[in-house]
Amino acid sequence: MCEKCKEKFYITTPIYYPSDKLHIGHTYCTVATDAMARYKRLTGCDVMFLTGTDEHGQKIEEKAKAAGVTPQQFVDNIVCGEKGILDLWKLMNISNDRFIRTTDDYHVESIQKIFKKMYDNGDIYKGAYKGKYCTPCESFWTESQLVDGKCPDCGREVHDAEEEAYFFRLSKYAQPVRKLLTETDFLQPKSRVNEMVNNFIDPGLEDLCVSRTSFSWGVPVDFDPGHVVYVWVDALSNYITALGFMNEKYSDYEKYWPCDVHFVGKEIVRFHSIIWPAMLMSLGEPLPKHVYGHGWLVMDGGKMSKSKGNVVDPYLLAEKFGVDALRFFLLRTFPFGSDGNFSNELLINTINIDLANDLGNLVSRTTAMVEKYFGGTLPEEKQAAELDESLISMLSTLRDRYEAEMEKFQFQNALEEVFKCIQRSNKYIDETAPWTLAKDMEANGKRLAAVMYNLLESVRICTTLLLPFIPASCEKIFAQIGACEDARTWENAAVWGKLPQTVTVHKGEAVFPRIDAAKAIEELEAIMEAQKKAVLPAVEVEPFAEESVDFDTFCKSDFRAVKVKACEAVKKSDKLLKFTLDDGTGVDRQILSGIHKFYEPEQLVGKTLVAIVNLPPRKMMGQESCGMLISAVHKEKGEEKLHLLMVDDAIPAGAKMC
């Protein structure tokens with residue numbers, strides 16, 4: 001097929017935010033995207049596979065300042081440095097055609113033009129923003145969107161923010177986007193649609209803040225100095241700027257756009273399925289065909305994160321078990337649209353059962369028997385039998401079943417179809433018993449040759465369809481079974497008999513050696529335990545008091561549960577907060593506490609605390625304090641930390657602590 005006639009296929013990962021600790025979760029989406037891109041190339045498509053990095057924003061600016069480097073130096077190190085993002089993709093054998101960085105000059109040029117075009121058509125206007133802001137997610141939220149007062153995406157604390165800003169008229173596109181989600185298959189899996197419609201569109205889409213003035217690390221708004229383009233206009237537009245939209249770096253936009261599918265994590269589905277199509281509608285550009293929101297890799301029920309110490313190092317796993325084994329595990333084990341619970345046991349069992357026992361064993365046994373019984377080269381004459389028909393039928397129709405699952409992005413199901421055939425081929429060995437046939441080569445040689453050929457053909461077809469998942473290992477298998485280039489094409493994966501009748505095998509080392517599970521698990525658990533300890537803060541506790549307190553004196557202290565009715569800062573004091581407390585007596589109690597450095601008043605209203613209520617009143621900043629709130633004090637890296645003792649809100653005010 002000529003290059004011009006090839007079907008075009010454009011697939012993307014999200015552009016990744018530079019992180020100083022890459023973990024296996026970062027590789028999940030990219031490995032899946034790579035497998036899809038390789039599959040489409042295998043079928044003959046002209047593929048464009050894009051990935052990259054989202055490098056602007058307040059968080060980067062703050063991290064760079066803390067590290068004593070410029071923001072550009074900070075992101076350069078994480079993207080291009082040793083064991084950075086580019087190194088990780090190389091390690092994982094990612095076959096991306098293009099890599100975009102949002103700091104690239106051509107992208108910056110395009111973003112300024114995109115912003116100005118939406119401004120000129122009236123979809124971007126100037127205003128002022130006041131609301132809750134999550135720095136890690138770089139997202140503004142309304143009070144109603146917060147979950148327990150925290151960011152609904154990441155669960156972290158938010159803070160009040162107010163500044164002049166430009167806004168995108170997202171509300172204008174609420175109904176067209178709603179129609180897109182509910183009346184087409186644009187967003188997949190379908191389970192994500194109700195979440196977007198019910199949680200974001202139907203309650204009322206608010207206009208989107210698209211510029212900031214409180215930091216400078218971003219694409220400048222060229223017609224209004226002091227403003228930088230806010231993250232989602234900058235980040236989302238990479239999918240078209242990387243093709244040359246509004247820049248002269250590339251000229252692929254007409255060829256590849258609209259995108260066939262954006263693969264994204266479920267946490268950013270909202271941005272890709274609501275904001276992104278609305279932006280494209282504003283620009284008058286075609287919409288992508290699909291957005292697919294995959295699940296997370298979780299550990300112990302929670303998303304992997306450096307701060308929890310539960311990250312899994314892909315470099316470590318690749319070194320121990322091999323890159324292809326790791327790639328295979330990610331896509332064989334978990335349905336792509338759902339969360340997958342990672343465990344060391346599951347990883348090792350998947351490698352041992354599927355790759356070592358089933359695939360590896362089939363390749364090793366087959367090539368070994370061809371060498372043993374025929375000196376490595378099969379004879380021309382063979383004798384078929386009725387027993388062969390079910391195997392040949394199953395393998396000849398495998399490609400169609402596999403293709404149906406791959407087109408739905410169901411990698412796990414596609415691999416399941418392949419491994420049913422691998423398992424059937426291993427069973428075929430037991431059914432035909434080659435070792436018995438070999439006892440009388442004169443009578444059974446032709447039949448034995450047919451059995452060996454059938455097994456090699458089974459391996460050839462299965463290996464061809466495994467190319468998108470374990471490409472390096474497939475090349476080794478092809479070499480061992482004597483499969484030439486023509487025998488490993490997509491077309492011939494549906495045709496039985498493409499190996500030469502006199503094929504020569506070259507038995508090599510086991511492609512997937514079996515792992516000592518107990519030893520490997522012990523080693524991995526020790527490493528992960530060390531990781532968890534490494535992220536714990538270096539805590540210094542106050543030394544224990546040497547003076548003893550007799551029991552009767554201790555019992556005189558009256559500890560009670562108290563409910564915070566109101567809390568406010570004490571004027572002219574940087575430390576004191578004034579609490580109005582319900583102590584169960586029906587009369588409000590006032591306590592002053594020097595904890596303003598650690599808590600804002602609004603954080604504490606409604607909380608249930610513990611206080612000593614029988615201390616004599618004392619004056620603090622001219623106000624009376626009747627009691628003492630109980631807190632824990634320690635030091636982290638030399639800095640004092642304080643945590644109020646909070647108890648279950650079900651405990652009533654006035655309940656005695658004992």
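Mentor: Happy to, and let's begin with helix α1, residues 24-42: its 19 residues reach 26 Å from first C-alpha to last, close to the 27 Å expected at 1.5 Å a residue. The expected span is 1.5 Å times one less than the number of residues. Helices here are DSSP runs of H or I with at least four residues, strands are E runs of at least two, and both are numbered from the N terminus.

Trainee: How many of the residues of α1 are buried?

Mentor: 17 of the 19 are, so α1 is largely enclosed by the rest of the structure. Buried means under 20% relative accessible area, exposed means over 50%, and partly exposed is in between, with a 1.4 Å probe and protein chains only. Just after α1, Gly 44 takes a positive phi of about 105°.

Trainee: What kind of model is this, and how are residues numbered?

Mentor: It is a predicted model, where local features need pLDDT of at least 70 and side-chain atom pairs count only at pLDDT 80 or more, while totals for chains, interfaces and linings use all residues. Residues are numbered from 1 along each chain as its sequence is written, and side-chain values use heavy atoms, with hydrogens and water left out.

Trainee: Good to know. What does the whole chain look like?

Mentor: The secondary structure comes to 23 helices and 25 strands. The C-alpha atoms fill a box of roughly 110 × 70 × 45 Å along the principal axes. Of the 658 residues, 53% count as buried.

Trainee: Which residues touch the most other members in the largest nonpolar core?

Mentor: Phe 263, Phe 321, Leu 359 and Phe 411 do, in a core of 107 residues. A nonpolar core is a set of buried Ala, Val, Leu, Ile, Met, Phe, Trp, Tyr and Cys residues joined through side-chain atoms within 4.5 Å. Helix α19, residues 441-466, gives the largest share of this core, with twelve residues. There is also a second, separate core of 61 residues, which includes Tyr 10, Leu 170, Val 233 and Phe 271.

Trainee: What is Phe 411 in contact with?

Mentor: Leaving aside neighbours within four places in sequence, Phe 411 contacts Ala 32, Ala 35, Met 36, Phe 263, Leu 331, Phe 336, Met 406 and Phe 469. Contact means heavy atoms within 4.5 Å.

Trainee: Now α5. Which of its residues are buried?

Mentor: Among them are Tyr 106, Ile 111, Phe 115 and Met 118. Just after α5, Gly 122 has a positive phi of about 90°, and Asp 123 lies in the loop between α5 and β4 (124-134).

Trainee: Is Asp 123 buried or exposed?

Mentor: Buried, at 2% relative accessibility. Its side chain makes a polar contact of 2.4 Å with that of Tyr 173 and one of 2.7 Å with that of Ser 282. A polar contact is a pair of N or O atoms within 3.5 Å; within protein, one must be able to donate a hydrogen and the other to accept it, and residues adjacent in sequence count only if both atoms are side-chain atoms.

Trainee: What about Asp 202? Which side chain does a polar contact join to it?

Mentor: That of Arg 178, at 2.8 Å. Asp 202 counts as partly exposed, at 44% relative accessibility, and is found in the loop between α7 (191-201) and β8 (208-209).

Trainee: Last one: which peptide bonds to proline are cis?

Mentor: Two to look at are Gln 188 to Pro 189, with omega near -10°, and Trp 257 to Pro 258, with omega near 10°. Pro 189 lies in the loop between β7 (187-188) and α7, while Pro 258 has its place in the loop between α10 (253-256) and β11 (261-265).
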